[in-house]
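Me: I would like to learn how to read a few features of a protein model. Please take them one at a time.

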Amino acid sequence: MLKTANLSYKFDDKYIFSNLSFETTNDSVFKLVGDNGSGKSTLLKILSGIYKNYEGDLSFSEKKLVFYSGHKAGLKNNLSVRENIFFDIRLPKISYSQINSVLKKLDLIDYSDIQSAYLSEGQKRKINIACFMLSTANLYLLDEPFNNLDRKTTDLLKEIFDIKISTGAKIIFSSHDRSNEDFSLIDMNLFN
Amino acid sequence: MIYFVKILKKEFLIYSRKSSSFISPVVFFLISISLYPIGISNDPDILKNLAPGLIWITVLLSTLISFQNIFAEDYEDGSIELLLASGQNLSLIVLIKIFVNWIFSCLPIIVLSMFSIFLLYLPIEGLKPLIISLLIGTPTICLFGALAGALSLGKNSITGPALMLPLSLPVLILGTQAINYSLNGINFSSNILLLTAILIFLLPIILFASVGALKLHFN
């Protein structure tokens with residue numbers, strides 16, 4: 001559904017990456033690995049439509065419904081956990097009961113009425129995971145989703161990956177961890 | 001449509017919980033209006049003549065406090081990235097943000113400007129053009145503020161006002177003149193029509209420019 005051909009991106013006349021070609025036909029989950037500054041986050045921003053001034057071709061074979069999650073969670077400090085999820089621009093219309101059931105799974109239900117300003121970084125990541133769970137997109141672009149997560153939430157996130165894949169969705173995420181062989185790897189170092 | 005209703009509700013909720021967004025401009029306005037009789041003169045005739053200009057300048061400066069709020073927080077917390085990735089109509093989203101900012105930062109000032117009858121001895125016949133000119137002129141100032149805010153994201157705090165104030169001068173002149181015309185028994189409707197024309201003409205242009213300015217930060 002997603003195909004790139006000779007995709008390149010330069011900043012201040014220096015190429016962050018160049019001639020990157022891949023397509024998401026056979027595999028469902030793609031893991032972007034590479035050193036700091038190799039262009040993992042930049043590629044995700046290009047695929048999500050945030051960065052437009054790339055070189056090369058980028059095409060989608062079907063209507064894309066993108067869910068993008070960057071380093072910054074887009075949380076409003078003076079809204080509660082529940083309100084932040086309810087008003088998230090990436091989500092369709094959802095009810096409070098749907099939000100509550102997701103928050104229970106993430107052990108955040110006791111914090112649902114607390115303003116997000118008072119949460120730890122890990123808990124803020126969990127709010128993003130809650131949005132990921134509730135999303136009905138068909139392409140997920142996640143920038144280092146496993147950062148700042150405890151073991152239990154990491155396992156839960158992997159389970160959610162499986163659920164999303166079963167619905168036919170594609171996931172592209174970045175990570176510094178090269179160990180996991182379950183996913184198709186895209187090594188950004190090869191395109192620098 | 002659901003997205004735009006969602007954003008409208010979210011913006012109202014955020015502004016209503018962020019008391020500084022509407023209290024700061026109001027307090028600044030009230031303090032300034034109260035200080036003029038002390039600092040300039042307590043002679044009603046002098047204040048009466050200066051009142052239209054003083055009120056409009058104070059309104060303009062009061063709005064400077066709030067317009068940086070329109071995009072700065074969204075830029076810091078990553079919300080703008082999510083909006084860009086959502087593929088939604090950004091112009092409409094920017095319009096909602098400007099509208100809510102106007103409701104919370106300008107509308108209370110417009111209501112409070114009626115106190116200038118007592119503090120600056122503004123004659124009662126000047127009240128109607130004052131309110132009408134502010135109701136039509138302040139949305140244009142908010143538009144300029146949004147554009148300046150979008151252009152100056154991540155830059156020092158003087159860049160925004162430096163961009164916004166010169167652009168707002170025609171609105172300031174027309175607004176002040178409308179009140180002066182009314183006080184001198186001259187029909188002020190031409191000024192109001194000009195203010196309306198400026199608003200209608202600039203609305204799509206500035207929305208388009210603001211969206212462009214926001215995208216500029218990500219390219």
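This is a predicted model: local features need pLDDT of at least 70, side-chain atom pairs count only at pLDDT 80 or more; totals for chains, interfaces and linings use all residues.

Me: Which residues touch the most other members of the largest nonpolar core?

Reply: In soluble globular proteins, nonpolar side chains tend to be buried together. Here the largest nonpolar core has 103 residues, and A:Ala130, A:Tyr140, B:Ala146 and B:Leu147 touch the most other members. Helix α9 of chain B (residues 127-151) gives the largest share of this core, 13 residues. Another core, of five residues, lies apart from it; B:Ile14, B:Phe22, B:Val100 and B:Phe104 are among them.

Me: What does A:Ala130 touch, not counting residues up to four places away in sequence?

Reply: A:Ala130 touches A:Ile85, A:Val102, A:Leu103, A:Leu106 and A:Leu108.

Me: Is B:Leu83 buried or exposed?

Reply: B:Leu83 is buried, because 23 other C-beta atoms lie within 10 Å, and the cut-off for a buried residue is 20 or more. B:Leu83 sits in helix α5 of chain B (residues 79-86). Setting aside neighbours within four places in sequence, B:Leu83 is in contact with A:Ile89, B:Gln88, B:Leu90 and B:Ile93. B:Leu83 and B:Ile93 are 10 residues apart along the chain, with 8.6 Å between their C-alpha atoms.

Me: How do I read a sheet, and what is the strand order in the open sheet of chain A?

Reply: Strands of a sheet pair through backbone hydrogen bonds, either parallel or antiparallel. In chain A, three strands form an open sheet in the order β2-β1-β4, with antiparallel pairing. β2 (14-23) and β4 (55-60) of chain A each have a single partner strand, so they stand at the edges with one side lacking a neighbour in the sheet. From one strand to the next, the twist averages 20°. Strand β1 of chain A (residues 2-11) pairs with β4(A) over five bridges, and A:Ala5 has A:Asp57 in β4(A) as its bridge partner. Helix α1 of chain A (residues 40-48) packs on the sheet and touches β1, β2 and β4 of chain A; its direction makes about 120° with that of β1(A).

Me: And at what angle do helices α6 and α11 of chain B pack?

Reply: Two packed helices are described by the angle between their axes and the distance between the axes. For α6 (residues 90-105) and α11 (residues 189-216) of chain B, the angle is about 105° and the axes are 9 Å apart. That makes α6(B) roughly perpendicular to α11(B). B:Leu90, B:Ser91, B:Val94 and B:Leu95 in α6(B) meet B:Leu207, B:Phe208, B:Ser210 and B:Val211 in α11(B). By class, this contact has six nonpolar, two polar and no charged residues.

Definitions and conventions:
Residues are numbered from 1 along each chain as its sequence is written. Chains are lettered from A and ligands numbered from 1 in the order in which they are written. A nonpolar core is a set of buried Ala, Val, Leu, Ile, Met, Phe, Trp, Tyr and Cys residues joined through C-beta atoms within 7 Å. A residue is buried if 20 or more other C-beta atoms lie within 10 Å of its own, exposed if 12 or fewer, and partly exposed in between; C-beta atoms are placed from the backbone. Helices (H or I, at least four residues) and strands (E, at least two) are DSSP runs, numbered from the N terminus. Two residues are in contact if their C-beta atoms, placed from the backbone, lie within 7 Å. Two strands pair if DSSP finds at least two bridges between them. Axes are lines fitted to C-alpha atoms, for helices over the stretch in contact, and angles run from 0 to 180 degrees between N-to-C directions. Angles under 35 degrees count as roughly parallel, over 145 as roughly antiparallel, 65 to 115 as roughly perpendicular and the rest as oblique. Ala, Val, Leu, Ile, Met, Phe, Trp, Tyr, Cys and Pro count as nonpolar, Asp, Glu, Lys and Arg as charged, and the others, Gly among them, as polar.
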